[in-house]
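Student: I'd like to go through this one by asking what each label really rests on. Can you set the values against the definitions for me?

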Amino acid sequence: MTYQQCHNLNIPESCFFTLSESDLLTSGIKKGISDALIKHGIGILTIPDGDKQGRYLSEVVNLIGKAHAHSHQQGALWHIRSGGEHGQETLARSHSLDEFALHTDCSYEEEIPDFIGLQVVQHDSEGGGSNLFIKVQDLIPYLSSESLSILQRKTYRFIVPEEFRKDKEFIDAPIIDDEYNIRYRHDIIDLKYAPPSQINAINELEQLTYSPQINKKLSITKNNILLLNNKRFLHARTKIIDTDRHIIRVRFFLTAHARG
(Lines give C-alpha, C1' and ligand atoms only; values in the text may rest on other atoms or scores of the structure.)
Protein backbone atom coordinates (compact mmCIF):
# COMPACT_ATOMS: atom_id res chain seq x y z
CA MET A 1 0.00 0.00 0.00
CA THR A 2 1.18 3.50 -0.80
CA TYR A 3 0.06 6.86 0.52
CA GLN A 4 -1.22 7.83 -2.93
CA GLN A 5 -3.62 4.87 -3.03
CA CYS A 6 -5.59 6.13 -0.04
CA HIS A 7 -8.53 8.52 -0.08
CA ASN A 8 -8.49 11.76 1.87
CA LEU A 9 -9.75 11.73 5.43
CA ASN A 10 -13.22 13.23 5.46
CA ILE A 11 -13.37 15.90 8.18
CA PRO A 12 -16.59 17.86 8.88
CA GLU A 13 -16.45 21.64 8.57
CA SER A 14 -17.34 21.96 12.26
CA CYS A 15 -13.90 20.50 13.10
CA PHE A 16 -11.93 23.41 11.56
CA PHE A 17 -10.97 26.48 13.58
CA THR A 18 -8.91 29.60 12.91
CA LEU A 19 -7.46 31.07 16.08
CA SER A 20 -6.30 34.55 16.93
CA GLU A 21 -4.63 35.65 20.15
CA SER A 22 -7.94 36.76 21.64
CA ASP A 23 -9.78 33.54 20.68
CA LEU A 24 -7.98 31.56 23.37
CA LEU A 25 -9.71 33.65 26.02
CA THR A 26 -13.26 32.94 24.86
CA SER A 27 -15.58 30.21 26.11
CA GLY A 28 -16.99 29.79 22.59
CA ILE A 29 -13.74 28.44 21.14
CA LYS A 30 -13.39 26.02 24.05
CA LYS A 31 -16.89 24.64 23.50
CA GLY A 32 -16.44 24.42 19.75
CA ILE A 33 -13.20 22.46 19.98
CA SER A 34 -14.51 20.22 22.76
CA ASP A 35 -17.69 19.45 20.82
CA ALA A 36 -15.70 18.56 17.69
CA LEU A 37 -13.41 16.23 19.60
CA ILE A 38 -16.23 14.50 21.44
CA LYS A 39 -18.44 14.07 18.37
CA HIS A 40 -15.87 13.47 15.62
CA GLY A 41 -12.61 12.73 17.44
CA ILE A 42 -10.65 15.31 15.46
CA GLY A 43 -9.97 19.02 15.20
CA ILE A 44 -7.81 21.09 12.83
CA LEU A 45 -6.72 24.50 14.08
CA THR A 46 -4.95 27.27 12.16
CA ILE A 47 -2.84 29.55 14.36
CA PRO A 48 -0.87 32.79 13.80
CA ASP A 49 2.65 32.45 12.42
CA GLY A 50 5.73 32.55 14.63
CA ASP A 51 5.03 30.13 17.48
CA LYS A 52 8.02 27.77 17.58
CA GLN A 53 7.66 26.65 21.20
CA GLY A 54 4.13 25.24 21.21
CA ARG A 55 2.48 28.04 23.18
CA TYR A 56 -0.78 27.77 21.25
CA LEU A 57 -0.81 24.00 21.58
CA SER A 58 -0.23 24.26 25.33
CA GLU A 59 -2.94 26.86 25.80
CA VAL A 60 -5.51 24.94 23.78
CA VAL A 61 -4.80 21.75 25.74
CA ASN A 62 -5.01 23.63 29.04
CA LEU A 63 -8.44 24.95 27.99
CA ILE A 64 -9.95 21.52 27.42
CA GLY A 65 -7.80 18.94 29.14
CA LYS A 66 -4.85 17.87 31.23
CA ALA A 67 -1.48 17.25 29.57
CA HIS A 68 0.30 13.93 29.97
CA ALA A 69 4.04 13.81 30.70
CA HIS A 70 6.08 11.75 28.26
CA SER A 71 8.41 10.35 30.92
CA HIS A 72 10.04 11.22 34.23
CA GLN A 73 12.73 13.12 32.30
CA GLN A 74 10.49 14.81 29.69
CA GLY A 75 7.66 17.29 30.15
CA ALA A 76 4.37 17.35 28.27
CA LEU A 77 5.65 18.94 25.05
CA TRP A 78 7.85 16.85 22.75
CA HIS A 79 9.72 18.42 19.83
CA ILE A 80 9.66 15.97 16.93
CA ARG A 81 12.43 16.60 14.44
CA SER A 82 15.66 15.01 13.32
CA GLY A 83 17.90 14.82 16.38
CA GLY A 84 15.18 16.00 18.76
CA GLU A 85 14.72 19.42 20.33
CA HIS A 86 18.45 20.18 20.52
CA GLY A 87 19.58 18.24 17.45
CA GLN A 88 21.51 15.53 19.30
CA GLU A 89 18.80 13.21 20.61
CA THR A 90 18.61 9.86 18.84
CA LEU A 91 16.89 7.51 21.28
CA ALA A 92 13.20 8.10 20.49
CA ARG A 93 11.98 6.87 17.12
CA SER A 94 10.13 10.21 16.79
CA HIS A 95 13.51 11.82 16.18
CA SER A 96 14.37 9.55 13.28
CA LEU A 97 13.47 10.02 9.63
CA ASP A 98 11.81 6.61 9.37
CA GLU A 99 8.16 6.04 8.61
CA PHE A 100 5.90 4.97 11.48
CA ALA A 101 3.44 2.13 11.01
CA LEU A 102 -0.13 2.60 12.22
CA HIS A 103 -0.33 2.77 16.01
CA THR A 104 -1.80 4.55 19.00
CA ASP A 105 0.33 6.64 21.32
CA CYS A 106 1.12 5.36 24.83
CA SER A 107 -0.21 1.88 24.07
CA TYR A 108 2.24 0.67 26.73
CA GLU A 109 0.53 2.64 29.53
CA GLU A 110 -2.34 1.36 31.64
CA GLU A 111 -4.18 4.67 31.31
CA ILE A 112 -3.91 5.83 27.72
CA PRO A 113 -4.26 9.58 27.02
CA ASP A 114 -7.54 10.38 25.28
CA PHE A 115 -6.02 12.64 22.64
CA ILE A 116 -2.82 13.69 20.94
CA GLY A 117 -2.04 17.17 19.65
CA LEU A 118 0.45 17.99 16.89
CA GLN A 119 1.52 21.56 16.14
CA VAL A 120 3.34 22.04 12.85
CA VAL A 121 6.21 24.49 13.22
CA GLN A 122 7.66 23.47 9.83
CA HIS A 123 6.16 20.85 7.54
CA ASP A 124 8.19 18.62 5.24
CA SER A 125 8.71 20.80 2.14
CA GLU A 126 9.77 17.73 0.13
CA GLY A 127 6.45 15.92 0.53
CA GLY A 128 7.43 13.49 3.28
CA GLY A 129 6.03 13.15 6.78
CA SER A 130 2.40 12.86 5.66
CA ASN A 131 -0.21 11.25 7.88
CA LEU A 132 -2.36 8.15 7.51
CA PHE A 133 -5.33 7.29 9.71
CA ILE A 134 -7.71 4.43 10.31
CA LYS A 135 -10.91 4.99 12.25
CA VAL A 136 -11.54 2.07 14.57
CA GLN A 137 -15.20 2.10 13.53
CA ASP A 138 -14.07 1.42 9.95
CA LEU A 139 -11.67 -1.33 11.03
CA ILE A 140 -13.96 -3.40 13.28
CA PRO A 141 -16.34 -4.67 10.55
CA TYR A 142 -13.42 -6.21 8.64
CA LEU A 143 -12.24 -8.30 11.60
CA SER A 144 -13.57 -11.82 11.94
CA SER A 145 -15.79 -12.33 14.98
CA GLU A 146 -13.27 -14.83 16.37
CA SER A 147 -10.35 -12.41 16.10
CA LEU A 148 -12.35 -9.51 17.52
CA SER A 149 -13.32 -11.62 20.52
CA ILE A 150 -9.69 -12.61 21.14
CA LEU A 151 -8.43 -9.03 20.78
CA GLN A 152 -11.04 -7.90 23.32
CA ARG A 153 -10.89 -10.77 25.83
CA LYS A 154 -7.24 -11.81 25.85
CA THR A 155 -4.30 -9.73 27.06
CA TYR A 156 -1.13 -8.99 25.13
CA ARG A 157 2.21 -7.91 26.56
CA PHE A 158 3.28 -4.37 25.65
CA ILE A 159 6.93 -3.54 26.30
CA VAL A 160 7.48 0.05 27.48
CA PRO A 161 10.07 1.76 25.23
CA GLU A 162 13.10 2.88 27.20
CA GLU A 163 12.61 6.56 26.38
CA PHE A 164 9.10 6.47 27.89
CA ARG A 165 9.77 4.18 30.85
CA LYS A 166 8.50 5.37 34.19
CA ASP A 167 7.97 2.61 36.76
CA LYS A 168 7.13 -0.47 34.65
CA GLU A 169 8.92 -2.39 31.94
CA PHE A 170 5.73 -3.83 30.46
CA ILE A 171 1.97 -4.06 30.86
CA ASP A 172 -0.54 -6.76 29.91
CA ALA A 173 -3.74 -5.49 28.29
CA PRO A 174 -6.26 -6.32 25.54
CA ILE A 175 -5.89 -4.65 22.15
CA ILE A 176 -9.53 -3.52 21.95
CA ASP A 177 -11.80 -2.83 24.92
CA ASP A 178 -15.55 -3.29 25.29
CA GLU A 179 -16.20 0.24 24.01
CA TYR A 180 -14.05 -0.40 20.91
CA ASN A 181 -11.20 1.80 22.05
CA ILE A 182 -7.90 0.49 20.75
CA ARG A 183 -4.29 0.34 21.90
CA TYR A 184 -1.79 -0.83 19.32
CA ARG A 185 1.86 -0.59 18.36
CA HIS A 186 3.02 -3.78 16.69
CA ASP A 187 6.75 -3.41 17.30
CA ILE A 188 6.41 -3.35 21.11
CA ILE A 189 4.00 -6.28 21.47
CA ASP A 190 5.83 -9.33 22.80
CA LEU A 191 4.32 -12.48 21.26
CA LYS A 192 6.97 -14.84 22.61
CA TYR A 193 4.57 -16.71 24.86
CA ALA A 194 1.30 -15.92 23.08
CA PRO A 195 -0.76 -18.92 21.93
CA PRO A 196 -1.41 -19.41 18.19
CA SER A 197 -4.96 -18.06 18.43
CA GLN A 198 -3.73 -14.71 19.74
CA ILE A 199 -0.95 -14.54 17.16
CA ASN A 200 -3.47 -15.24 14.39
CA ALA A 201 -5.80 -12.53 15.68
CA ILE A 202 -3.14 -9.86 15.82
CA ASN A 203 -1.79 -10.90 12.41
CA GLU A 204 -5.28 -10.42 10.98
CA LEU A 205 -5.42 -6.95 12.53
CA GLU A 206 -1.96 -6.08 11.23
CA GLN A 207 -2.85 -7.13 7.69
CA LEU A 208 -5.91 -4.90 7.77
CA THR A 209 -3.80 -1.88 8.66
CA TYR A 210 -2.29 -2.05 5.17
CA SER A 211 -5.66 -1.88 3.40
CA PRO A 212 -6.09 1.25 1.22
CA GLN A 213 -9.85 0.80 1.67
CA ILE A 214 -9.81 1.90 5.29
CA ASN A 215 -6.63 4.00 5.41
CA LYS A 216 -7.24 7.72 4.96
CA LYS A 217 -4.60 10.36 4.26
CA LEU A 218 -4.15 13.89 5.55
CA SER A 219 -1.45 16.51 5.20
CA ILE A 220 -1.14 19.21 7.84
CA THR A 221 1.04 22.23 7.13
CA LYS A 222 2.88 25.01 8.93
CA ASN A 223 0.78 26.76 11.59
CA ASN A 224 -1.74 23.91 11.81
CA ILE A 225 -2.60 22.03 14.99
CA LEU A 226 -4.11 18.56 14.72
CA LEU A 227 -6.07 17.23 17.71
CA LEU A 228 -6.90 13.51 17.40
CA ASN A 229 -8.67 10.89 19.49
CA ASN A 230 -5.90 8.48 20.44
CA LYS A 231 -8.30 5.65 21.26
CA ARG A 232 -10.53 5.79 18.17
CA PHE A 233 -7.90 6.39 15.46
CA LEU A 234 -4.75 4.55 14.46
CA HIS A 235 -2.25 6.97 12.97
CA ALA A 236 0.93 6.62 10.91
CA ARG A 237 3.56 8.80 9.28
CA THR A 238 5.35 8.43 5.97
CA LYS A 239 9.14 8.71 5.77
CA ILE A 240 10.64 12.14 6.47
CA ILE A 241 12.51 13.69 3.55
CA ASP A 242 13.08 17.27 4.72
CA THR A 243 15.26 17.24 7.86
CA ASP A 244 14.00 20.72 8.78
CA ARG A 245 10.53 19.31 9.49
CA HIS A 246 9.53 20.26 13.05
CA ILE A 247 6.42 19.12 14.91
CA ILE A 248 5.53 19.68 18.57
CA ARG A 249 3.49 16.91 20.17
CA VAL A 250 1.44 16.69 23.33
CA ARG A 251 -0.75 13.92 24.69
CA PHE A 252 -3.67 14.81 26.92
CA PHE A 253 -6.79 13.74 28.77
CA LEU A 254 -10.06 15.55 28.08
CA THR A 255 -11.42 16.96 31.34
CA ALA A 256 -14.92 16.22 32.62
CA HIS A 257 -15.68 19.95 32.39
CA ALA A 258 -14.81 19.97 28.67
CA ARG A 259 -17.06 16.94 28.13
CA GLY A 260 -19.96 18.98 29.44
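Student: Why is Cys106 called buried?

Tutor: Cys106 has a relative accessible area of 2%, and buried means under 20%, with exposed over 50% and partly exposed in between (1.4 Å probe, protein chains only). So Cys106 counts as buried. Cys6 falls under that heading too, because its relative accessibility is 3%. Keep in mind that this is a predicted model, where local features need pLDDT of at least 70, side-chain atom pairs count only at pLDDT 80 or more, and totals for chains, interfaces and linings use all residues. Residues are numbered from 1 along each chain as its sequence is written, and side-chain values use heavy atoms, with hydrogens and water left out.

Student: How much of the chain is buried?

Tutor: Buried residues are 51% of the 260 in the chain. The chain has six helices and 15 strands; helices (H or I, at least four residues) and strands (E, at least two) are DSSP runs numbered from the N terminus.

Student: What makes Ile248 buried?

Tutor: Its relative accessibility is 0%, so Ile248 counts as buried. Ile248 sits in strand β15. Contact means heavy atoms within 4.5 Å, and beyond its neighbours within four places in sequence, Ile248 has contacts that include Leu57, Leu77, Trp78, Leu118 and Val121. Its C-alpha atom is 9.2 Å from that of Ile225, 23 residues apart along the chain.

Student: Why does Gln198 count as buried?

Tutor: Because its relative accessible area is 9%, Gln198 is buried. Gln198 belongs to helix α5 (residues 196-208), and apart from residues up to four places away in sequence, Gln198 touches Ile150, Lys154, Thr155 and Tyr156. Thr155 is 43 residues away along the chain, yet the two C-alpha atoms are separated by 8.9 Å.

Student: What makes a set of residues a nonpolar core?

Tutor: The members are buried Ala, Val, Leu, Ile, Met, Phe, Trp, Tyr and Cys residues joined through side-chain atoms within 4.5 Å. The largest such core has 71 residues, and those touching the most other members are Ile33, Tyr156, Ile175, Leu226, Leu227 and Phe252. Leu226, setting aside residues up to four places away, touches Ile44, Ile116, Phe133 and Leu218, among others. In soluble globular proteins, nonpolar side chains tend to be buried together.

Student: What separates a cavity from a pocket?

Tutor: On a 1 Å grid over the protein atoms alone, a cavity is a set of points where a 1.4 Å probe fits but cannot get out, while a pocket is an open set with protein on both sides within 12 Å along at least five of seven lines; lining residues have an atom within 4 Å of a point. Of its 22 lining residues, Phe100, His103, Asp105, His235 and Arg249 lie nearest the centre.

Student: Which residues lie nearest the centre of the largest pocket?

Tutor: Leu37, Ile38, Gly41, Asn229 and Arg232, out of 23 lining residues. The elements giving two or more residues to that lining are α1 (27-40) and α3 (136-139), with α1 supplying the largest share, four residues. The pocket holds about 470 Å³ of space; such a volume is the space filled by probe spheres set on the grid points, which are joined across faces, edges and corners.
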